[in-house]
Structures are given as structure tokens and as C-alpha cells.
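Take a first look at the chain below.

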Amino acid sequence: MKGTMDTHLGSIQIDNEVIAKYAGTIASECFGIVGMTSVNVKDGLVRLLKRDSVEHGIVVKANNNKLCLEFHVVVAYGVSILAVCDNLVDDVKYKIENFTGLQVDKINVFVVDVNTDKEKVAFSVREYKRKQQRDEISQYMSSSNDDNDGAYTLGDLLNTKKND
């Protein structure tokens, strides 16, 4: 069943694949999620999917305009599975409800594998730290009251960090 919303001008139907693709994109951006998996029930085989087929690791069910999503994911080695899954559920619920206007009733996460490739894990951690640094710089730039025409240096940020 598709998610349906009625408006004063007519009805809107959102296909489950659209929701799955959007949810898969959100999941692939979450820290600690290495990728989505496709589970072959017949053989019990699990395979990591490429980023262009993220919707294949997700099952979307719509019932009475409430969504139920199932994720089959691979997590990075060394991360807290609980923290990663909590982050995934919070992000997906918030963004899907804003994107579709439909209520997310349930999100089930199936951790199917852990990626022990140390190089990929290190890369993931480095990217996360870089994102934190970019966020700190953006926050500093937006909260600064200096009259410097928007020109900031790394030294400005470091001096602020030392003073804190």
C-alpha cells in the first residue's frame, strides 16, 4: 500500500520505493553505517550494496498512512551499535516525516554484519572528526560579533578554543 494524503485539491500518493530511496540516503549519511545490505532469504546470503542501490536494503510498509520501515545494515567495527541505531532511527523518523508528511510508526533495524576493514573504519572516523571541526567553525563564524566582514582565520578559532 502506498502512503496517501488527501488535500483540498486532491490526493497525493507516495510510492514505497521513493520512501525507501530517501530513507536509504539518510541511513548512508549516518555515522557508523557502512552500507545497506540485501538479504537473500533463500540462501541466507548477505551482500553489501553499492550507494546507488540503497533502497534495496529497506522494506517500507504503509498502513493507514502510518509507515513501518525495516533497515538491513552493516555497521563499522568499533562503534556502539546502540548509538548508531539510535542515531539512525532518530534521523530517519524526523526526516521522513518532514519529507512525506506521513507518520513513522515503527523503525526496525537489523544489523546484519560488521565491517572489520580497518582502513574504512579509520576513514569514517576521520570524516566524522572533520565534520565536527567544520561545524565548530561554522558555529564560531555565525556567533562572532566581530566586525571583520566575514573574514575569519583558523587562528581566530584556535584562540577562541584556548580562551574557553
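The paragraphs below go from the whole chain to its core, and then to a pair of rings. Keep in mind that this is a predicted model.

Start with the layout. The protein chain has four helices and seven strands. Along the sequence, they follow the pattern β-β-α-β-β-β-β-α-β-α-α. The chain holds 164 residues, and 30% of them are buried. Its exposed surface comes to about 11000 Å². Carbon and sulfur atoms supply 50% of that area. Now consider contacts between residues with a separation of 6 or more. Of these, 63% join residues 24 or more positions apart.

Next, turn to the core. In soluble globular proteins, nonpolar side chains tend to be buried together. Here the largest nonpolar core has 24 residues. Which of them have the most contacts inside it? They are Leu67, Leu69, Phe71 and Val92. Several elements contribute. Helices H1 and H2 each supply at least two residues of this core. So much for the helices; strands S3 (33-40), S5 (58-63), S6 (66-76) and S7 (103-115) also supply at least two each.

Leu69 shows what such a place looks like. Leaving aside residues up to four places away in sequence, Leu69 touches Ile19, Ala23, Ile58, Val59, Val60, Val92, Val104, Lys106, Ile107 and Asn108.

Now look at Glu70. Glu70 sits in strand S6. Is Glu70 buried or exposed? Its relative accessibility is 17%, and buried means under 20%, so Glu70 counts as buried. With residues up to four places away again left out, Glu70 touches Gly57, Ile58, Val59, Lys61, Asn108 and Phe110. Ile58, Val59 and Asn108 are also among the residues that Leu69 touches.

Last come the rings. A pair of aromatic rings is described by the distance of the centres and the angle of the planes. The structure holds one aromatic pair. Tyr22 and Phe99 form this pair. Their centres are 3.9 Å apart, with 10 degrees between the planes. The pair is stacked, because planes under 30 degrees apart count as such.

Where do the two residues lie? Tyr22 is in helix H1 (residues 16-28), and Phe99 is in helix H2 (residues 81-100). The pair therefore ties together parts that are 77 residues apart in sequence. Tyr22 is partly exposed, at 28% relative accessibility. Phe99 is partly exposed too, with a relative accessible area of 41%.

Note on methods: Residues are numbered from 1 along each chain as its sequence is written. This is a predicted model: local features need pLDDT of at least 70, side-chain atom pairs count only at pLDDT 80 or more; totals for chains, interfaces and linings use all residues. Side-chain values use heavy atoms; hydrogens and water are left out. Rings of Phe, Tyr and Trp (its six-membered ring) pair if their centres lie within 6.5 Å; planes under 30 degrees apart count as stacked, over 60 as edge-to-face and the rest as tilted. Buried means under 20% relative accessible area, exposed over 50%, partly exposed in between (1.4 Å probe, protein chains only). Contact means heavy atoms within 4.5 Å. Accessible areas come from the Shrake-Rupley method with a 1.4 Å probe; for residues, only the protein chains shown count as cover. A nonpolar core is a set of buried Ala, Val, Leu, Ile, Met, Phe, Trp, Tyr and Cys residues joined through side-chain atoms within 4.5 Å.
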